[in-house]
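Me: I would like to learn how to read a few local and packing features from a model. Please take them one at a time.

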Amino acid sequence: MRISRRILAGLATASIATTLTSCGGGSKTSGSFDDSVTVGILHSLSGTMAISESTLVDTEIMAIEEINASGGITIDGKSYKIEYIIEDGASDWPTFAEKSKKLIDQDKVPVVFGGWTSASRKAMLPVYESKDAFLYYPIQYEAQECSNNIFYTGATPNQQSEPATEFMYKRSPAAGGDFFLVGSDYVFPRTSNTITKAQVKQLGGRVVGEDYLPLGNTEVAPIISKIKKALPSGGIIINTLNGDQNVAFFKQIQDAGITPSEGYYVMNYSIAEEEISTIGPEFLEGHYGAWNYMMSIDSPASKKFAANFKKRWGSDRVVADPQESAYNMVYLWKQAVEDAGTFDDNAVRDALIGQKFDAPQGPVEVMPNHHLSQTVRIGEINSEGGFTILEETDVVLPQAWNQKHPSSKGFACDWTDPSKGEKYRL
Amino acid sequence: MELLLDSIFNGIAIGSVLLVAALGLAIVFGLMGVINLAHGELMMLGAYTTYVTQLIFKLPILKPFYNWYVIISIFLAFIVSGVVGIILEKTIIRKLYGSPLETLLATWGVSLILQQFVRSVPLSYGSGLIISLLIGMVLPLFFPTKIKESIKFKYYKLASWSFATLIGILSAELISSLISKLGRASSRNVDVTAPAWMRGQIEILGNTFPKTRLMIIIITLISVIAIICFLNQSAWGIRIRAVTQNRQMCDCLGISTEKVDVITFGIGSGLAGVAGVAVSLLGSVGPNVGGNYIVGCFMVVVLGGVGNLLGTIFASFGIGIMTDLIGAGRLLNIWPNMPLSLSNTINFFATTSMARVMIFALIVIFLQFKPSGLFPQKGRMVES
């Protein structure tokens with residue numbers, strides 16, 4: 001009896017704490033606007049994902065402030081100031097669904113910018129579909145999904161991993177070598193690697209091994225002995241490990257002699273500028289990364305984006321691909337609203353398709369499958385902790401249903417044509 | 001042969017991380033019977049100590065000794081985690097002896113507090129706090145007996161604590177002014193870089209082994225030998241074992257069981273700190289680093305037989321070698337021509353995540369037959 005009462009008390013405290021952490025945001029109202037509109041921002045501000053996701057909140061706030069500073073959203077000559085409500089998903093997937101319901105039903109926001117992990121998106125998806133609301137999701141992900149109620153501004157596998165695999169097999173120093181695939185044990189690495197395996201087979205290469213590290217596990221000794229056995233004289237390693245596991249992985253493979261100078265080249269899909277500075281460039285120098293946006297892009301738009309971010313949040317901060325996607329989606333939403341002439345979800349959704357934006361990475365365009373056309377860049381990690389860009393593709397169209405994955409080959413998604421919709425045969 | 005050697009080395013490498021992590025727990029949980037869920041967080045404090053030491057040794061004045069900072073941080077980590085452990089024992093665990101469920105909940109709470117502490121408090125203030133706690137605890141020990149027995153002892157104690165607080169605040173300010181990185185709170189993971197002589201690999205018998213792994217094996221070896229010597233040779237070690245076996249009798253015979261409890265818990269916690277140094281050499285240092293090891297630690301101690309150090313050693317190396325055999329699919333190399341169905345099964349389990357599943361399953365099955373572990377405690381315990 002005593003125990004159960006304590007546990008109950010604990011639960012009660014925990015639930016009160018969760019309620020208290022949700023907080024309102026928004027800056028002071030200025031007189032020059034005719035009206036205001038409130039949008040929702042839903043990322044983890046506590047828990048394990050907070051480090052990554054809080055950078056997105058910062059970027060989205062910056063984009064909103066920029067839009068407000070240049071006159072807000074204009075509909076029929078009436079100017080609207082954007083206000084925002086920030087909710088904390090707390091790195092807990094059901095919380096994301098719960099907070100989404102709150103934002104849609106209680107705060108009546110016309111749009112929610114949110115999510116990072118695929119697990120959080122999968123948890124939110126039914127909420128947005130059942131309430132016919134709209135979620136903007138900014139992370140590169142495994143695709144194999146195409147919802148009418150989500151707008152995906154991150155890369156699909158054919159906009160990141162496919163050009164990267166091709167580069168590694170054809171033009172990297174380890175060209176023609178065998179592949180070894182390493183990833184964290186959850187949906188993104190497994191899906192991404194299924195695609196990579198199919199692609200390597202098409203290219204005529206060989207995948208000689210693959211292994212997945214359970215999330216939170218940092219013991220990579222068995223993986224290292226497998227790599228050494230499978231690739232005795234060097235080769236290509238495709239790395240989809242997540243977060244801190246990368247630190248353990250790179251520290252230990254360097255000690256085991258798996259380095260570029262020994263002929264081992266690692267292509268990374270989850271290491272951006274932010275992660276390089278945490279892991280330490282001395283462990284990563286000479287390995288590769290593939291992204292749509294890299295901070296070292298030498299264009300006025302890219303430099304302005306980085307400079308504005310540093311000015312707003314501190315000179316030691318960096319910008320990376322996920323942040324650029326988050327930045328783009330706020331602007332694309334603004335353009336779509338202005339074109340639609342209303343905040344109404346359905347009208348904005350129709351107006352969104354075909355929107356073009358001069359993003360920091362270069363021009364992007366919203367495609368009928370609710371994904372973005374993007375440029376893909378391959379970079380070599382340098383000793384300063386950035387990427388030296390080696391290759392740049394033309395604009396690549398997104399495939400919501402991957403054409404190399406056995407389960408989705410021959411399918412596509414098109415929301416402009418009612419007869420096609422989520423998944424139709426090409 | 002070479003394969004076997006490789007496998008054994010890998011097994012020892014994995015096992016020694018488990019062993020060094022579980023050693024402190026083997027003492028706290030094994031000898032005292034305290035289920036300390038904050039053990040992982042004491043490891044985390046050790047890992048952060050390594051990080052702070054590394055930064056301090058990057059200062060110009062200490063730069064010449066930078067190569068040896070890891071060795072020094074082993075001792076510092078032992079002290080830091082030991083001090084926190086002693087405070088923990090004196091304030092919380094002491095009141096909960098004999099009620100395991102309450103201890104479990106309380107230490108879990110402590111683990112959450114410690115995690116949030118390193119997230120929200122700048123490391124410089126954390127170091128200052130530890131320094132003042134250490135001085136406050138140690139200073140009264142040096143007072144002459146005359147003062148200790150006098151009626152005004154509490155005033156002296158108060159004075160020494162105020163002095164300790166002052167030193168703590170000053171050192172916190174000093175650290176944050178010298179190293180600005182430590183003056184800000186951050187939940188970001190930080191990184192410990194081994195000095196150059198500990199990186200890279202070394203050749204033994206034609207095989208190459210990573211130096212950091214060897215370093216961890218050496219740390220483990222020294223800790224194990226030191227703790228065995230302490231428990232078997234020193235007076236306090238013998239008292240600890242006596243109290244473990246029969247607390248009431250020891251009380252009657254005039255052994256201060258309270259003091260023994262503090263020392264045992266302090267040593268167990270200190271060893272967790274040493275484990276933190278080892279772990280920081282392998283991966284990144286963050287608030288969650290301890291949580292990744294705690295389940296493994298309990299597994300090792302339970303499998304080895306609660307209260308038996310030898311069991312802990314065998315269990316951790318056993319798990320290490322099994323992890324390598326299953327996870328790296330070595331059975332296939334040892335027996336290349338096995339039937340297809342068998343080799344498919346082995347291939348299925350030859351990934352790190354499935355190997356973990358397999359190991360846990362094997363441990364559960366093993367414990368069905370030998371519920372008290374590899375080396376069960378012989379004889380009758382008073383408590384049971």
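Me: Is V138(B) buried, partly exposed or exposed?

Reply: This is a predicted model. V138(B) has a relative accessible area of 31% and is therefore partly exposed, since buried means under 20% and exposed means over 50%. The residue belongs to helix 5 of chain B. Its C-alpha atom is 20 Å from that of R94(B), and 44 residues separate the two along the chain.

Me: Which helix of chain B comes within 10 Å of helix 5, axis to axis, and at what angle do they cross?

Reply: The general idea is that two packed helices are described by the angle between their axes and the distance between the axes. In this case, helix 3 (residues 69–91) of chain B and helix 5 (residues 123–138) of chain B have axes that come within 10 Å and cross at roughly 70 degrees. Angles of 65 to 115 degrees count as roughly perpendicular, so helix 3 and helix 5 of chain B are roughly perpendicular to each other. Their crossing is left-handed.

Me: Which residues make the contact between helix 3 and helix 5 of chain B?

Reply: Helix 3 of chain B contributes I79(B), V80(B), V83(B), V84(B), I86(B) and I87(B), while helix 5 of chain B contributes I130(B), L133(B), L134(B) and M137(B). Sorted by class, this contact has 10 nonpolar residues, no polar and no charged ones.

Me: How are helix 2 and helix 4 of chain B oriented, roughly parallel or roughly perpendicular?

Reply: Start with the angle. The axes of helix 2 (residues 39–56) and helix 4 (residues 100–120) of chain B cross at roughly 25 degrees and come within 9 Å. An angle under 35 degrees counts as roughly parallel, so that is the description for helix 2 and helix 4 of chain B. The crossing of this pair is left-handed. On the side of helix 2 of chain B, the contact is made by E41(B), M44(B), L45(B) and Y48(B); on the side of helix 4 of chain B, by S111(B), L114(B), Q115(B) and V118(B). By class, the contact of helix 2 with helix 4 of chain B has five nonpolar residues, two polar and one charged.

Me: At what angle do helix 12 and helix 16 of chain B cross?

Reply: Helix 12 (residues 291–304) and helix 16 (residues 352–369) of chain B cross at roughly 30 degrees, with axes that come within 11 Å. That angle makes helix 12 of chain B roughly parallel to helix 16 of chain B. The crossing of helix 12 and helix 16 of chain B is left-handed. V295(B), M299(B), V302(B) and L303(B) of helix 12 of chain B meet F360(B), I363(B), F366(B) and L367(B) of helix 16 of chain B. The residues of this contact divide into eight nonpolar, no polar and no charged.

Me: How many residues does the largest nonpolar core have?

Reply: In soluble globular proteins, nonpolar side chains tend to be buried together. Here the largest nonpolar core has 96 residues, and those with the most contacts inside it are Y136(A), I227(A), I237(A), F249(A) and W333(A). Helix 12 (residues 321–340) of chain A gives the most to this core, nine residues. Another core, of 89 residues, lies apart from it and includes A47(B), V52(B), I179(B) and I240(B).

Me: What is in contact with F249(A), neighbours within four places in sequence aside?

Reply: F249(A) is in contact with V182(A), V220(A), I223(A), I227(A), I237(A), N239(A) and L241(A).

Me: Which loop holds D76(A), and what is its phi?

Reply: D76(A) sits in the loop between strand 3 (73–75) and strand 4 (78–88) of chain A. Its phi is near 50 degrees, a positive value in a residue other than glycine. D76(A) counts as exposed because its relative accessibility is 75%.

Me: Is H370(A) buried or exposed?

Reply: H370(A) is buried, with a relative accessible area of 0%. The residue lies in the loop between strand 14 (362–366) and strand 15 (372–381) of chain A. Phi of H370(A) is near 65 degrees, a positive value in a residue other than glycine.

Methods:
Residues are numbered from 1 along each chain as its sequence is written. Chains are lettered from A and ligands numbered from 1 in the order in which they are written. This is a predicted model: local features need pLDDT of at least 70, side-chain atom pairs count only at pLDDT 80 or more; totals for chains, interfaces and linings use all residues. Side-chain values use heavy atoms; hydrogens and water are left out. Axes are lines fitted to C-alpha atoms, for helices over the stretch in contact, and angles run from 0 to 180 degrees between N-to-C directions. Helices (H or I, at least four residues) and strands (E, at least two) are DSSP runs, numbered from the N terminus. Angles under 35 degrees count as roughly parallel, over 145 as roughly antiparallel, 65 to 115 as roughly perpendicular and the rest as oblique. A crossing is left-handed if the near helix is turned anticlockwise from the far one by less than a right angle, and right-handed if clockwise. Contact means heavy atoms within 4.5 Å. Ala, Val, Leu, Ile, Met, Phe, Trp, Tyr, Cys and Pro count as nonpolar, Asp, Glu, Lys and Arg as charged, and the others, Gly among them, as polar. A nonpolar core is a set of buried Ala, Val, Leu, Ile, Met, Phe, Trp, Tyr and Cys residues joined through side-chain atoms within 4.5 Å. Buried means under 20% relative accessible area, exposed over 50%, partly exposed in between (1.4 Å probe, protein chains only).
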